[in-house]
Amino acid sequence: MHQARHCELCDHQTVTLKEGTICELTDRKPDFHRTCLNISLNRKFEDKLKLANVQYQKVLNTKVWTYAYFTTFLVLSIMVMGGAAYFAYYLFNLTDRVGVVSVAPVVIFAIGVALLSMAFGARNKYRQDLAAALHNKEKIDQVLVLYNIDYQIDMKFGKNYHGTQDVYVDVKFKGR
């Protein structure tokens, strides 16, 4: 495991453009094998832990709406593309001349493809957001395992005002 993961949670970390992560106690780059004896997991650590868990939970909370959106737009796109195919078939049988093609079925089919891309776009965005949030949470959890720190987190989501949601977080540590 990379030593910087430990330092990102420690209150003794200093970051410079020239040298990167520096320990304030030794004024050198981190130099430890498995765990740091001088690590200070306080305010910075708790803030990052809370943020990672809240982001992960927020993504999980959107799962039902994301898949409802996906299913709705998938069904709509199939219906629109099927309607475009039926309309093209109807126009082809209506005319006696071979080679007469209307632009309308092509436009309708393109709208169906756009709806299909909206369905898969929403699903893919959810999956990417979930993977990123899980990765951030697991990075912190892997460091905590090395220090035998376990935690229980309780979250309560408040009202959502113009895209900003109140979140109340309570963390209880074991082994710290």
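**Entry 1: helix 4**

Which elements do the buried residues of helix 4 pack against? I began there, keeping in mind that this is a predicted model, where local features need pLDDT of at least 70, side-chain atom pairs count only at pLDDT 80 or more, and totals for chains, interfaces and linings use all residues. I number residues from 1 along each chain as its sequence is written, and side-chain values use heavy atoms, with hydrogens and water left out.

My answer: helix 1 (3-9), helix 2, helix 3 (63-94) and strand 3 (150-161) are the packing partners. Helices (H or I, at least four residues) and strands (E, at least two) are DSSP runs, numbered from the N terminus. Buried means under 20% relative accessible area, exposed over 50%, and partly exposed in between (1.4 Å probe, protein chains only). Among the buried residues of helix 4 I noted P105, Y126, K137 and L146.

I then looked up the span of helix 4: its 44 residues (103-146) reach 65 Å from first C-alpha to last, close to the 64 Å expected at 1.5 Å a residue. The expected span is 1.5 Å times one less than the number of residues. After helix 4 comes N148, with a positive phi near 55°.

**Entry 2: N53**

I found N53 in helix 2 (residues 43-61). Is N53 buried or exposed? N53 counts as buried because its relative accessibility is 4%. Beyond its neighbours within four places in sequence, N53 is in contact with K137, Y151, I153 and M155; contact means heavy atoms within 4.5 Å.

**Entry 3: the hairpin**

Next I followed strand 3 to strand 4 (residues 164-174): they run antiparallel, joined by 10 bridges. Strands pair if DSSP finds at least two bridges between them. Y161 stands opposite T164 in strand 4. Two residues lie between the strands of this hairpin, and H162 takes a positive phi near 50°.

**Entry 4: the whole chain**

I read four helices and four strands, in the order α-β-β-α-α-α-β-β. The C-alpha atoms fill a box of roughly 90 × 40 × 30 Å along the principal axes. Last, I noted that buried residues make up 26% of the 176 in the chain.
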